[in-house]
Amino acid sequence: MRPSKLVPLAAATLVAALAAFPLSVARADDAGDHADARPAAHAVHDLWVTVQQLAGGDSAAQHPARPAPQAVPAGGPTVNLSDLSHPPDIDAKLHAIARLPAGAVRLTVPNGQARLGDYSIGSEQTSTGDLLVLHGNADVFGTLRGNLVAYDGDVTVHSGGVVTGDVLAIGGLVHDQGEVDGEVRTLSAATPARTAAPPLSAGALVARNAAGVVGVVLTLLALGFGLVLFGRPSLEIVSDTVSHSFARAFVTGLIGQILLLPTFGMLVVGLVLSVAGILLLPFAVAVYALLVVVGVVGGALAVAYAMGETYTRRRLARGAMGSPNGYRYLVVGLAGPVAIWLAWALFGWVPIAGDLIRGAAILVTWLIATAGFGAALLSRAGARESFAGRIIPPEALTDEYLWATPQFGVPAVRRPGKR
Amino acid sequence: MSGSRRARGGRRGGRRGAVALLLLLPAAATLHAQTMMDASASRQLHGESRLDARIDYAAGTLRVAPADAATLYRLQLRYDRDRYLPLARYSAADGRVALGVETTGGPGLRVSSREHLAQEATVALSSRVDLALDITLGATEGELELGGLRLRSLSLRNGASRTSIRFSRPNGARCSRASFSTGAAELEVTGLGNSRCAEVALDGGVGRVTLDFSGDAAGDTRARLDMTLGELVLRVPRGMGLRLTSDRLLASLETAGLTRRGGAFVSPGYERAMHHLDVSLSSTLGGVSVEWIR
């Protein structure tokens with residue numbers, strides 16, 4: 001808005017405020033029983049409040065349903081304000097009453113009074129008994145001997161004002177510039193504490209996700225290269241177990257996942273019950289967690305190794321150039337799942353498609369991790385070759401095998417499984 | 001409409017109902033989300049000279065700091081209405097106040113996501129009254145600035161929490177005892193010299209505890225430290241005389257700069273030091289280290 005337009009608007013506001021001021025005072029006079037004691041300061045305050053209301057900047061103006069100041073007739077439910085130590089209880093009692101239209105409100109405050117709309121206690125005035133103000137602000141310039149509750153309004157104990165009891169504002173604030181002998185309390189629905197962070201742009205999102213994927217891939221490659229370098233025999237046994245017994249490995253991995261928690265629970269309970277084992281509990285927990293992580297990550301790397309080996313051997317069989325080695329197997333095997341995650345990193349911001357890609361990536365990763373975990377369990381972390389397809393069972397030994405590689409000293413007619 | 005068509009329509013309606021139910025489930029879950037409330041309680045200072053303050057806080061973030069000159073105590077709270085009630089109970093007769101939250105009796109803490117630890121509390125206490133402070137924390141993250149208060153005694157019971165206590169300014173009164181009891185927690189106490197407590201006691205569980213004895217000590221301090229399955233770091237200012245006796249079981253002890261004398265480890269120039277710190281240490285399956293600070 002241009003400044004030139006602000007001046008007439010401010011002037012009009014001021015004129016309207018001055019015109020409305022006598023009406024406001026008269027209205028308060030009708031309602032209040034302390035109008036004679038109204039000091040000049042209070043009148044200025046009223047003028048300021050009226051101007052604020054006309055300008056739309058006052059909290060009261062934001063409640064268009066705020067009623068005209070009036071006393072609440074006795075009758076109806078009773079609300080005891082002698083104990084304000086449990087504000088939620090007071091809130092619960094007043095909640096239903098405060099929703100009634102102004103004319104229908106009936107309320108009994110033992111040893112006190114209830115008011116609708118704004119209410120003030122003048123500086124020369126002393127009010128005795130508890131005071132409840134519904135849908136209005138309570139201003140204390142004088143003395144209130146009792147407790148004060150404002151529902152849907154603020155309480156201001158002005159400088160020089162005294163409240164000998166407690167003060168409670170439900171859905172409002174308390175400004176205690178004066179003296180409050182008791183407790184000052186407020187209760188309101190929580191305002192949002194933190195606004196949500198602004199959403200990232202598509203470019204920033206792609207960069208962030210891609211950096212995350214690259215970081216994970218580099219970590220896996222480092223772990224995988226370490227495994228190939230230092231634990232190749234075990235890695236190959238787990239890898240062969242996946243290749244030759246995939247279904248069995250997958251089912252074992254699935255069952256293993258389900259049994260992880262119960263096994264952990266039994267371990268903890270067992271150690272605790274054995275009394276002496278309590279001392280080992282932290283170590284056992286740490287070792288168990290470590291074993292699970294090693295089983296899952298190592299197994300997944302073994303699956304990647306198996307995938308890479310299969311693909312590379314096929315390529316070599318077709319005449320492609322290259323050397324078959326463990327590092328290549330690992331890189332090639334990881335490329336597949338990583339490609340899906342990279343697709344998510346690039347297109348994850350696309351509605352629906354991004355979620356679908358992420359779902360696919362999670363599913364593939366889970367399948368790999370489950371099969372790998374199962375293979376690690378089946379092969380006892382690469383120590384057992386039973387499911388790796390490396391041992392030829394006796395019943396599979398045919399004459400052809402024996403002819404090709406006869407066992408020294410054992411006549412063919414007496415070979416195992418044949419009479 | 002034939003009977004079979006009606007039946008098909010009925011089945012279709014049932015399916016639609018089931019789909020609608022499935023779609024509504026997340027909405028229902030949302031409706032059951034926490035209802036957070038803001039509450040505050042405060043009391044003006046009216047010539048009180050002492051206050052026994054108890055703070056009970058089960059979950060969320062807690063801050064404690066000195067109050068302004070006109071306030072005896074102030075609690076500002078954001079709490080989960082479904083699980084907790086604001087606690088602000090003052091007894092003028094014996095000068096006691098209990099602040100924090102108390103449970104409504106609902107089952108357990110809902111901390112399945114970070115949002116469930118959204119409770120926040122700020123407690124301000126008068127620095128003009130002699131204060132006995134008793135704090136019990138649950139699953140919380142606490143930041144306690146106790147410097148400048150007039151602490152007579154301090155007791156902290158720590159559950160599964162991370163708590164940082166600072167004495168940035170000297171205590172305005174002579175403190176008889178500061179005791180810390182931790183469960184699976186991380187506790188860091190900085191500026192214990194400023195606390196001017198004659199005795200410091202620690203009953204530590206699993207976790208890491210750091211006790212920093214820097215600050216403007218008013219006299220000698222005795223420390224009885226009992227640590228189980230955790231790491232304890234003692235930070236001692238150079239110039240303070242340190243004498244440490246230990247009773248350890250499968251626990252390591254790093255005594256940088258201390259010499260063995262009889263059954264104790266003693267710092268060089270212990271006798272000549274203006275202030276002394278005598279530590280009685282009991283540790284099981286943990287690590288204890290002494291660090292010298294300026």
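This is a predicted model: local features need pLDDT of at least 70, side-chain atom pairs count only at pLDDT 80 or more; totals for chains, interfaces and linings use all residues.
Me: How are residues and chains labelled here?
Reply: Residues count from 1 along each chain as its sequence is written, and chains are lettered from A. Local features need pLDDT of at least 70, side-chain atom pairs count only at pLDDT 80 or more, and side-chain values use heavy atoms.

Me: How many aromatic pairs are there over all chains?
Reply: The count is seven, where rings of Phe, Tyr and Trp (its six-membered ring) pair if their centres lie within 6.5 Å.

Me: Why is the pair of A:Phe250 and A:Trp366 called edge-to-face?
Reply: The ring centres are 5.7 Å apart and the planes stand at 85°; planes under 30 degrees apart count as stacked, over 60 as edge-to-face and the rest as tilted. The pair is therefore edge-to-face.

Me: What makes this pair a link between distant parts of the chain?
Reply: A:Phe250 is in helix α6 (residues 246–273) of chain A and A:Trp366 in helix α9 (residues 353–378) of chain A, 116 residues apart. Helices here are DSSP runs (H or I, at least four residues), numbered from the N terminus.

Me: Why is A:Phe250 called buried?
Reply: Its relative accessible area is 18%, and buried means under 20%, exposed over 50%, partly exposed in between (1.4 Å probe, protein chains only). A:Trp366, at 35%, is therefore partly exposed.

Me: Why is the pair of A:Tyr305 and A:Tyr329 called edge-to-face?
Reply: Their planes are at 90° and their ring centres 5.4 Å apart, so the pair is edge-to-face.

Me: Are A:Tyr305 and A:Tyr329 buried or exposed?
Reply: A:Tyr305 has a relative accessible area of 1%, so A:Tyr305 is buried; A:Tyr329, at 4%, is buried.

Technical notes. Helices (H or I, at least four residues) and strands (E, at least two) are DSSP runs, numbered from the N terminus.
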